[in-house]
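Colleague: Walk me through how to read the helix packing and side-chain contacts here.

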Amino acid sequence: MTTTENIRKELQDLVDSKYQEFHSALVPGVGNILGVRIPQLRILAKEIAKRDDWRMFVEATDTKFYEETMLQGMVIGLAKMELDERMKHISMFVPRIDNWAVCDIFCGELKTAAKKGKETIWQFIQPYLASTKEFEIRFGIVMLFHYIDEEHIDALLAYADTFSHDAYYARMAMAWMISICFIKFPEKTMEYLKQSKLDNWTYNKSLQKTIESLRVDKETKDVLRSMKRR
């Protein structure tokens with residue numbers, strides 16, 4: 001059996017049919033979900049990342065199931081390698097992303113890489129931020145979450161004003177980013193929102209996601225509600 005087939009067998013031993021039904025509803029349009037919970041995937045990913053053949057697995061193109069792709073992304077984030085090699089594997093993996101869950105989990109697993117190679121990764125993700133493909137641009141935007149800091153906040157808000165995409169998951173990623181910017185840099189983000197060039201849908205969704213946050217006080221939420229575009 002191939003490395004992928006062996007890992008597929010390990011995954012099938014972890015299947016939870018009730019979770020499969022639940023998770024399938026969260027990821028519409030994805031029909032190849034086995035039903036393995038994320039914590040169990042992470043445990044398996046850590047084990048795979050220590051094996052000698054982890055590269056064979058992440059480079060494999062004979063995957064069949066959603067969880068196999070998810071595992072590949074996790075292993076790319078977890079395995080020990082130099083930054084150049086990790087970026088090579090990231091470049092190879094991003095075109096395989098076809099749903100929000102794989103995208104967002106993958107970006108989360110790259111937190112340490114983004115921290116250690118901050119400016120290198122910053123430059124690396126710039127082409128994705130200009131992509132016309134829904135999940136490439138979502139990947140770029142969710143990676144920006146690692147850069148919501150004093151050094152990059154102005155660049156993030158400036159990028160938001162250049163954002164133009166019709167795809168739902170790209171727009172949702174931008175709204176999510178703006179809400180986190182507001183939580184961390186409320187004054188700067190409020191000033192941005194007052195003159196934002198975002199399309200109305202993404203702008204209003206940014207307000208909504210910020211209002212939904214438990215870290216924003218009631219008075220500020222009332223102000224944000226009054227800023228909704230009609």
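**Reading the helices**

Modeller: Start with helix α13 (residues 186-195), where Thr189, Met190, Tyr192 and Leu193 are buried. Down the axis of α13, these buried residues fall within an arc of 160 degrees, so they line one face of the helix. Buried is under 20% relative accessible area, exposed is over 50%, and partly exposed is in between (1.4 Å probe, protein chains only). The arc is that of the directions from the helix axis to the C-beta atoms. Helices are DSSP runs (H or I, at least four residues), numbered from the N terminus.

Colleague: What kind of model is this, and how are residues numbered?

Modeller: This is a predicted model, where local features need pLDDT of at least 70, side-chain atom pairs count only at pLDDT 80 or more, and totals for chains, interfaces and linings use all residues. Residues are numbered from 1 along each chain as its sequence is written, and side-chain values use heavy atoms, with hydrogens and water left out.

Colleague: Which exposed residues sit on the face of α13 turned away from its buried side?

Modeller: Glu187 and Lys194 are the exposed residues carried there. On the buried side, α13 packs against α11 (153-160), α12 (168-184), α14 (200-211) and α15 (218-226). Contact here is heavy atoms within 4.5 Å.

Colleague: Which residues are buried in α11?

Modeller: Ile153, Leu156, Leu157, Tyr159 and Ala160 of α11 are buried. Looking down the α11 axis, they fall within an arc of 155 degrees, so they too line one face of their helix. The partners of those buried residues are α9 (118-129), α10 (134-143), α12 and α13.

Colleague: So how do I read a helix pair, and at what angle do α11 and α13 pack?

Modeller: Two packed helices are described by the angle between their axes and the distance between the axes. The axes are lines fitted to C-alpha atoms, for helices over the stretch in contact, with angles from 0 to 180 degrees between N-to-C directions. For α11 and α13 the angle is about 20 degrees and the axes are 11 Å apart. That makes α11 roughly parallel to α13 (angles under 35 degrees count as roughly parallel, over 145 as roughly antiparallel, 65 to 115 as roughly perpendicular, the rest as oblique). Ile153, Asp154, Leu157 and Ala160 of α11 make the contact with Lys188, Thr189 and Tyr192 of α13.

Colleague: Is the crossing of α11 and α13 left-handed or right-handed?

Modeller: The crossing is right-handed. A crossing is left-handed if the near helix is turned anticlockwise from the far one by less than a right angle, and right-handed if clockwise.

Colleague: How about α5 and α7: at what angle do they cross?

Modeller: Helix α5 (residues 66-78) and helix α7 (residues 100-109) have axes that come within 8 Å and cross at roughly 15 degrees. That makes α5 roughly parallel to α7. Again α5 passes α7 in a right-handed crossing. On the α5 side, the residues involved include Tyr66, Met70, Gly73 and Met74, and on the α7 side they include Ala101, Val102, Ile105 and Phe106.

Colleague: Zoom in on α7: is isoleucine 105 buried or exposed?

Modeller: Isoleucine 105, in helix α7, counts as buried at 17% relative accessibility. Not counting residues up to four places away in sequence, isoleucine 105 touches Ile38, Arg42, Met70 and Met74.

Colleague: And how far apart are the axes of α7 and α10?

Modeller: The α7 and α10 axes are 9 Å apart, at an angle of about 35 degrees, and the crossing is right-handed. Trp100, Cys103, Asp104, Phe106 and Cys107 of α7 make the contact with Phe135, Arg138, Phe139, Val142 and Met143 of α10.

Colleague: Where is histidine 23, and what does glutamate 10 touch?

Modeller: Histidine 23 lies in helix α2 (residues 17-26) and is buried, with a relative accessible area of 6%. Beyond neighbours within four places in sequence, histidine 23 is in contact with Ile33 and Tyr66. Glutamate 10, in helix α1 (residues 3-12), counts as partly exposed at 25% relative accessibility. Not counting residues up to four places away in sequence, glutamate 10 touches Leu44 and Arg51. Glutamate 10 and leucine 44 are 34 residues apart in sequence, with 8.5 Å between their C-alpha atoms.

How values were computed
Helices (H or I, at least four residues) and strands (E, at least two) are DSSP runs, numbered from the N terminus.
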